[in-house]
Amino acid sequence: IIFFLFFVIMNVETARQTIMQECSTLYEQDELIAVCKRILEHLSGKSNFQMLLDKDLEIEQLPLLHIIESLKNNKPLQYVLGYEWFSNLKLKVNEQVLIPRPETEELTQLIISYLKKKDAATFHLLDIGTGSGAIPILIKKEVPAVSVYALDISEYALEVAKENARFHKTAIHFFSGDILNRHLDLGQTFDIIVSNPPYISTDEKEMMHQRVILNEPALALFVTDNDPLQFYKAILQFSQKYLDKEGTLFLEINSMHGHSVKALFESSHFTCEIRKDIYENDRFAIVKY
């Protein structure tokens, strides 16, 4: 018996129209356009500019329909494709890790700028709650001299982070551990501690899109006792033992709790500067002794 496999092909413009029509109720218009561009670049292997030049470029229908069906089932595009871009890095992501956000990239660039003004070869940096490894991998790529360490409670997340580190040929020391464990001991001090910890309370959960709630790891998003400062308190306690006296904390924060984060650290004799992100929201805390 001979089996024939037929691939249905459509040109890129028809594929574009199919995505825009089938996904019109899933996203706001601007986001839909961005999603459409991302899908077509993924399936064609071409940039958006190249696709504009070649109207006869062909797209296979079956993979496109599979992607659309997954999106209709509320799965984030990044998990459907299996990767996300973080600056110039292509990082594997799945349901075990948080999808890296632009705000976290901003935080990472702040640290990179800081390190490039220092003798990075003498610095030891720890990322708490590393997830996909986005923060430490980008830092190590941009500032190779710095010694980079990364911690996560999830063994599944650490496997993803290690795979991303291997892919990008970055030497990072990974630890499994829980920052809420008062007895956590990594055996050394650090010049920089960075974290984008969980900071979303139960009250805020109902305002979030189901696409996030149903798919992204709750462990990386939500505080467990409805205290939005839960992890910052733990990081503060950890830093009192393991942050070098000349060291700096770089933290991503909930935009609604900038004043509370500042007050928390300053009550323990740290200095704390709150900085805004590109959307003019309080988003980063830079903390020093």
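**Before selecting**

This is a predicted model, in which local features need pLDDT of at least 70 and side-chain atom pairs count only at pLDDT 80 or more, while totals for chains, interfaces and linings use all residues. Residues are numbered from 1 along each chain as its sequence is written, and side-chain values use heavy atoms, with hydrogens and water left out.

**Stop 1: the whole chain**

Select the protein chain and show its C-alpha trace, which spans about 70 × 40 × 40 Å along its principal axes. A cartoon view displays 13 helices and 11 strands; helices (H or I, at least four residues) and strands (E, at least two) are DSSP runs, numbered from the N terminus.

Of the 289 residues, 49% are buried. Buried means under 20% relative accessible area, exposed over 50%, and partly exposed in between (1.4 Å probe, protein chains only).

Contacts (heavy atoms within 4.5 Å) may be drawn across the chain as well. Among those with a separation of 6 or more, 65% join residues 24 or more positions apart.

**Stop 2**

Select Met10, which lies in strand S1 (residues 9–11). Met10 counts as buried because its relative accessible area is 9%. Neighbours within four places in sequence aside, Met10 is in contact with Ala15, Thr18, Leu57, Glu58, Ile59, Gln61 and Leu64. One of these, Leu57, is 47 residues away along the chain, and its C-alpha atom is 8.4 Å from that of Met10.

Move on to Thr14 in helix H1 (residues 12–22). With a relative accessibility of 33%, Thr14 is partly exposed. Draw a distance from Thr14 to Pro217: these residues are 203 positions apart in the chain, and their C-alpha atoms are separated by 35 Å.

**Stop 3: two loop residues with positive phi**

Select Asn74, in the loop between helix H4 (61–72) and helix H5 (77–81). Asn74 is not a glycine, yet its phi is positive, near 70 degrees. Its relative accessibility of 22% makes Asn74 partly exposed.

Then select Ser87, in the loop between strand S3 (83–86) and strand S4 (89–92). Here too a residue other than glycine has a positive phi, near 55 degrees. Ser87 is partly exposed, at 30% relative accessible area.

**Stop 4: helix H7**

Select residues 134–142, helix H7, where seven of the nine residues are buried. The buried residues are Ala134, Ile135, Pro136, Ile137, Leu138, Ile139 and Lys140.

Beyond its neighbours within four places in sequence, Lys141 is in contact with Leu89, His168 and Thr170. A polar atom of the Lys141 side chain lies 3.3 Å from the backbone oxygen of His168. For a view across the model, draw the line from Lys141 to Glu13, where the C-alpha atoms are 37 Å apart.

**Stop 5: the loop between S10 and S11**

Select Asp277, in the loop between strand S10 (271–276) and strand S11 (282–288). Asp277 is buried, with a relative accessible area of 3%. A polar atom of its side chain lies 2.8 Å from the backbone nitrogen of Tyr279. Not counting residues up to four places away in sequence, Asp277 touches Glu103, Glu106, Arg283 and Phe284.

**Stop 6: the second largest pocket**

Select Ile179, Leu180, Arg182, Ala234 and Gln237, which lie nearest the centre of the second largest pocket among its 13 lining residues. A pocket, on a 1 Å grid over the protein atoms alone, is an open set of points where a 1.4 Å probe fits, with protein on both sides within 12 Å along at least five of seven lines; lining residues have an atom within 4 Å of a point. The space in this pocket is about 200 Å³, a volume being the space filled by probe spheres set on the points.

Finally, colour the lining by residue class: six residues are nonpolar, four polar and three charged. Ala, Val, Leu, Ile, Met, Phe, Trp, Tyr, Cys and Pro count as nonpolar, Asp, Glu, Lys and Arg as charged, and the others, Gly among them, as polar.

Note on methods: A polar contact is a pair of N or O atoms within 3.5 Å; within protein, one must be able to donate a hydrogen and the other to accept it, and residues adjacent in sequence count only if both atoms are side-chain atoms.
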